[in-house]
Amino acid sequence: MIPLAAVLPPAQPLMLAALLFTIGAAGVLLRRNIIIVLMSVELMLNAVNITLVAVSRAMLQLDGQVFVFFSLTIAAAEVAVGLALVVALHRSLGSSDVDDVSSLRG
Amino acid sequence: MSGLDPAFLIVGALAIVTAVGMILAKNVVHSALFMVAHFGLTAVLYLLLSAPFLAAAQLIVYAGAIMVLVLFVVMLLGRQEALLDEPIVGQRWLALAALGVLGAALVRVAALGVPAAPEGGTAVVPPAFGSPAAMGDALYTQWVLPFEVVSLVLLVAMIGAVVIAHFQRRPRNEKAGNPAIAADATEIPSPRA
């Protein structure tokens, strides 16, 4: 169906996914705006999805793609709850800086 | 490592550029727009990896629903400051060092690749692999129980989001009844004292 896919060795998508995961981790560690941190977590989830799709294609088994489908729905649920938390925090603290959310530290 | 696909190279390079742009952008709206582009490029990547159904789902769920939700929240919260100072001294250098180790290890492992299809021979992807028909067949027969459970998870998340973000209209005098924000908070014994 897509002739390009037949010549793609599996290592290159995996390396791309590894790089994207590292970039996402960099966003989590270096940025302090809570929305950007949340989007960086999404970036890491997305990188893992790319890994699953690449391995699924290399092994010629559909299970990996089914797993990505479930991961997609869980990511949607996570973003909904996470953004609700962001809104609630912004209302009670008046800022969206992750360093301000230290009241759970005791 | 032969046979670098030019389409994959271009899409992969653009995906990395948009990801870096997302974490470096000062304006949160720019970040979100970089993220939309990144999710679109991921959908193209799924097409190249023979997952057409997931490509469509990626566009609808990620680039459509999730990013619109993020943009809604960004506009609800109003203007965000860039926050470029560093409250914990040396944190950035530590983080960059840890990220270098993490990235090197991940790329090194990923470069090993995976073994080809267990049936042996040169893997020729069947034309129906990853099509909506094949995915539907797998989802509604082998994975039907996880499929139902995940719909329940979505329902719970929806209710949870509504409950958490619900705006409570408190009466004005409730402030006095709450000791944490009462005016004479100094009389409350501090746990650190």
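Guide: Reading from the N terminus, chain A runs α-α-α. That's three helices and zero strands, both taken as DSSP runs numbered from the N terminus (helices are H or I, at least four residues; strands are E, at least two). Bear in mind that this is a predicted model, where local features need pLDDT of at least 70 and side-chain atom pairs count only at pLDDT 80 or more, while totals for chains, interfaces and linings use all residues. For bookkeeping, residues are numbered from 1 along each chain as its sequence is written, chains are lettered from A and ligands numbered from 1 in the order in which they are written, and side-chain values use heavy atoms, with hydrogens and water left out.

Chain A has 106 residues, and 58% of them count as buried; that means under 20% relative accessible area, with exposed being over 50% and partly exposed in between (1.4 Å probe, protein chains only). Among the contacts in chain A with a separation of 6 or more, 56% come from residues 24 or more positions apart, a contact being heavy atoms within 4.5 Å.

A:D97 sits in the segment after α3 (63-93) of chain A, and A:R32 in the loop between α1 (11-30) and α2 (34-59), 65 residues apart. By the rule used here (a side-chain nitrogen of Lys or Arg within 4 Å of a carboxyl oxygen of Asp or Glu), the count over all chains is one. Both partners are tucked away: A:D97 is at 8% relative accessibility and therefore buried, and A:R32, at 10%, is buried too.

Now to the neighbour. The contact draws 75 residues from chain A and 94 from chain B, and about 7500 Å² is buried between them, 78% of it from carbon and sulfur atoms. Buried area here is the accessible area (1.4 Å probe) that two parts lose on being put together, summed over both. On the chain A side, A:R32 turns up again: with A:M39 and A:L60, it loses the most area to chain B, the three together giving 8% of what that side buries. Between chain A and chain B there are zero salt bridges.

Most residues other than glycine have a negative phi. With a relative accessible area of 24%, A:L60 counts as partly exposed.

For a close-up of the contact, take α3(A) and helix α6 (residues 144-165) of chain B: their axes come within 9 Å and cross at roughly 10°. Axes are lines fitted to C-alpha atoms, for helices over the stretch in contact, and angles run from 0 to 180 degrees between N-to-C directions. That makes the two helices roughly parallel (under 35 degrees; over 145 is roughly antiparallel, 65 to 115 roughly perpendicular, the rest oblique). Residues in this contact include A:F69, A:F70 and A:R91 of α3(A), along with B:F147, B:L154 and B:I164 of α6(B). By class, the contact has 18 nonpolar, one polar and one charged residues, where Ala, Val, Leu, Ile, Met, Phe, Trp, Tyr, Cys and Pro count as nonpolar, Asp, Glu, Lys and Arg as charged, and the others, Gly among them, as polar.
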